[in-house]
Amino acid sequence: MYKHTRNGISVVILSVASLSIQTLLTAISMSAIATNGVVPAGGSYFMISRSLGPEFGGAVGSCFYLGTTFAGSMYILGAIEILLMYIAPSAAIFVSDNPDGEAGAMLNNMRVYGSIFLVLMSLLVFVGVKYVNKLASVFLACVIVSILSIYTGALVSAFSPPSFPVCMLGNRSLAQHELKDGQCMKTLQVLLEPPPPLEGANASESFNGTDAPPVTAAAAQERTTDLWRHFCNSSELSAVCDEYFLHNNVTQIQGIPGLASGVIADNIWSSYSAKGDVLERGSHHSPHRDAVSNHFPYVFADITTSFTLLIGIFFPSVTGIMAGSNRSGDLKDAQRSIPIGTILAILTTSLVYLSCVLLFGSCVEGVVLRDKFGDSVKGNLVVGTLSWPSPWVIVIGSFFSTCGAGLQSLTGAPRLLQAIAKDNIIPFLRVFGHGKANGEPTWALLLTAVLAELGILIASLDLVAPILSMFFLMCYLFVNLACALQTLLRTPNWRPRFSYYHWTLSFLGMTICLALMFISSWYYAIVAMVIAGMIYKYIEYNGAEKEWGDGIRGLSLSAARFALLRLEEGPPHTKNWRPQLLVLLKLDEDAHVKSPRLLTFASQLKAGKGLTIVGTVIPGNFLQTYGEALAAEQTLKHLMEKERVKGFVQCIVTQKPREGISHMIQSSGLGGMRHNTVVMGWPDAWRQSEDPQSWKTFINTVRVTTTAHLALLVPKNISLFPSNTEPCTDGFIDVWWIVHDGGMLMLLPFLLRQHKVWRKCSMRIFTVAQMEDNSIQMKKDLATFLYHLRIDAYVEVVEMHDSDISAYTYERTLMMEQRSQMLRQMRLSKSDREKERVRWSFDDAQLVKDRNSMLRLTSIGSDEDEDTDGPGAGDRSAEYRRVHMTWTRDKALQLRSNTQTHTASVCSTPEGFRDMLNIRPDQSNVRRMHTAVKLNEVIVNKSHDARLVLLNMPGPPKNPEGDENYMEFLEVLTEGLERVLLVRGGGSEVITIYS
């Protein structure tokens, strides 16, 4: 059983007051924005876009344009409905004889007349807005006269209430249009004699068989009415009738008892009725609450009433507050007119709405107020009957009011669209920015008329209307947001002349707008937000590259400052570590990037996350090459856009590129937002280069990154790496985990596999063991470690056997030293040639250790390993003897001394230069070459078919004179591999097993 009551004055006043407050707060925010500078055409769109950016402005402005356009359709349809129902019913073109077809015929009439009205109004707007303004004065006068007639009629009703009968059965109202005979009674007495019947129905009628004039039984006959036949399914007096019909009398009450009747006491409080409930009078409900058949001529509630429904019904009456701002381009002084006109209009209309609620609740019966379609009063206008001196005042006023609202919509919507099109934030709307010579939006008006015609052809906009209300509420929300944001940011340009605003008021208005959206209809609110979101993303992706100094940019700066200060509190935790890249690119003489695939690889590694800085060094003087630096910056930006890399560009002009790279590595980034990984290309064809600066710069960069404790990634054969449009359909990413580097070798394949190019590749991890190591236990430990890291990979332990140094290794080392000596002879002075022979000092590589085993593989080496001073020297010598069985330490030292003496003697004279080919290789170089050759053989054997091979990158020699041999060792290590990524850790852990 449903609790059956009505919407009372208290609830209606609350809903009207809340909407009035919301519109007033929005008007205050709009006034502040409008007085903060010149507001050209576009009104609300201009305010939002210049305050929140083109994306928000375009999205909300487009939705507001659609809402204004379809609102124009609704106003026109409302005018047609008044015309056909009250002014000229005979003008209907389509007429249905079947009652069920009346609604369809009415819709067809509205489509025809609505299209005619739309054409006429569009032509009027096309001729000129000045004619619309003249008609607006006429329409306003009609509306004012109508409002005054309502006030006058309410006062008159206190002394002389109008005749407005309503038929009631008990407390239930009856639909009089279903009573064909028009009799509000159960039965009536019909006189049979005298032959001429009495004139006037009242002379022979009796309500419920009582109070009838006395007649003789022979002279009168009791007959049933149409009401009896509805409740008894028969015209016989002996028929079985509905129980409620038998126990209650039929009465007639005045639907408008007047201001002095005290009916306000029954209308003050409210509750709600469910769909299908019968409308009842007063606070006393009928004792019989059984289900009521809809075949009875009661007045039923067609919808379930609630406060939220009341909000949704009333909201369209407050959607006109932007009408003045939409025509801001036509105002003489928009900064003055918009605040004054809008706020005074809201105050006036709010006063009218609230007073009318009180007057209607004080003068009209509740059952009549809740009768949506006027069934109980034969479809007559209640407010028309209440008005004075004639209902025609209200009818004519309502007709011109809706026509005026439709004209205002057709005037404001095209100007809104033209402003959006002129800003070119939505490319396909560009054509609608053009108009007549005087600026009238001709093309925008044409599109608006077409869209309005679609709304008229739909005719019934009950499903579309809630979305339109959401569009208006969204516009109000963002106007309040713009004002609050600008106020809180306190930007220097925020100096509105309108001073009666505060960010708390704007925030309150924004909150009310958001609440009203979800209170009135949460699913329509979501639909509207999705539509606005789609427009926002389209503009962001394909539209505006505008810089209007909007508040969102200021908010971004404030948020960035706050975030940077937070990052300064300490280094990031291992769980939050991700490669923040500094990508070093080189430009050719034509300012083209030499290795664009390097940026492609960076984009695949980053997948749009974290920081990316793309840097290059321009050789020269900054004062003279500033233009070249700007051109290089634009080149890099275009390449980043092409590769869809989000990041920053940094160009440094310096006399020496080596120093420029060092400065860039030291100074790039800001605060805690700095790079932790450097990506640079391998110097291809360095052997054939006559200028050694390229590979010397490379090695210097390696040293700088090592000193700065930064990770280093060096893709070799970068031109063979896949592009973003060449995904790998299968294959492996092989990791050769030789030296523990903080987990970089584990993390990088995982990050690469997040990208579509590498997603289908499987991961394999290889580690190297000696013959005496427990390979099975090593594999188990490594598999357990990967399990805790949540990394899915195949694990294999490769055993390397001790072997004599091959003749190939010996010859390869000899060729390296001969080439190095020849180049040194050609470019060094005599005093330089007398300097000490190159001493290799590769960094010791920290070996992978676990509790049961350690990898006993010497790195591609360091001279410091052979220093016998200090603890553990004997162990290291024994280790070397295990790896290189043929060579002992004494032999190595002796041969080194002999080789250095011999080299110095043969290089001290020109004749000795020719005998240089007879030198014997340094045995430490032979040992390192042996390690590189053997490791390369194992890698090529296992990973020849891999899509990508990741290797530890040995450290550079501490003595710069050994740079050439270092490059040669790296070449030997990676020989025969198609794609190689050399990885050098930054000295910190980058991956953890903990959550």
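This is a predicted model: local features need pLDDT of at least 70, side-chain atom pairs count only at pLDDT 80 or more; totals for chains, interfaces and linings use all residues.
Residues are numbered from 1 along each chain as its sequence is written, and side-chain values use heavy atoms, with hydrogens and water left out.

**Exercise 1. Two packed helices**

Task: Describe how helix H21 (residues 657-667) packs with helix H22 (residues 693-707).

Solution: 
- Start with how helices are named: they are DSSP runs of H or I with at least four residues, while strands are runs of E with at least two, numbered from the N terminus.
- Next, take the geometry: the angle between H21 and H22 is about 25°, and their axes lie 10 Å apart. Axes here are lines fitted to C-alpha atoms, for helices over the stretch in contact, and angles run from 0 to 180 degrees between N-to-C directions.
- That angle makes H21 roughly parallel to H22 (angles under 35 degrees count as roughly parallel).
- Now find the contact, meaning heavy atoms within 4.5 Å. H21 contributes Arg658, Ile661, Ser662 and Ile665, and H22 contributes Gln693, Lys696, Thr697, Asn700, Thr701, Val704 and Thr705.
- Finally, sort these residues: 3 are nonpolar, 6 polar and 2 charged (Ala, Val, Leu, Ile, Met, Phe, Trp, Tyr, Cys and Pro count as nonpolar, Asp, Glu, Lys and Arg as charged, and the others, Gly among them, as polar).

**Exercise 2. A strand and its partners**

Task: Work out which strands pair with S15 and how S15 is covered.

Solution: 
- Two strands pair if DSSP finds at least two bridges between them.
- Strand S10 (residues 711-716) runs antiparallel to S15, joined by 5 bridges; leucine 713 stands opposite valine 983 in S15.
- Strand S14 (residues 948-952) pairs with S15 in the parallel sense over 4 bridges, and leucine 950 stands opposite leucine 981 in S15.
- Of the 5 residues of S15 (residues 980-984), 5 are buried, so S15 is largely enclosed by the rest of the structure. Buried means under 20% relative accessible area, exposed over 50%, and partly exposed in between (1.4 Å probe, protein chains only).
- Val980, Leu982 and Arg984 are buried on one side, and Leu981 and Val983 on the other.

Notes
Angles under 35 degrees count as roughly parallel, over 145 as roughly antiparallel, 65 to 115 as roughly perpendicular and the rest as oblique.
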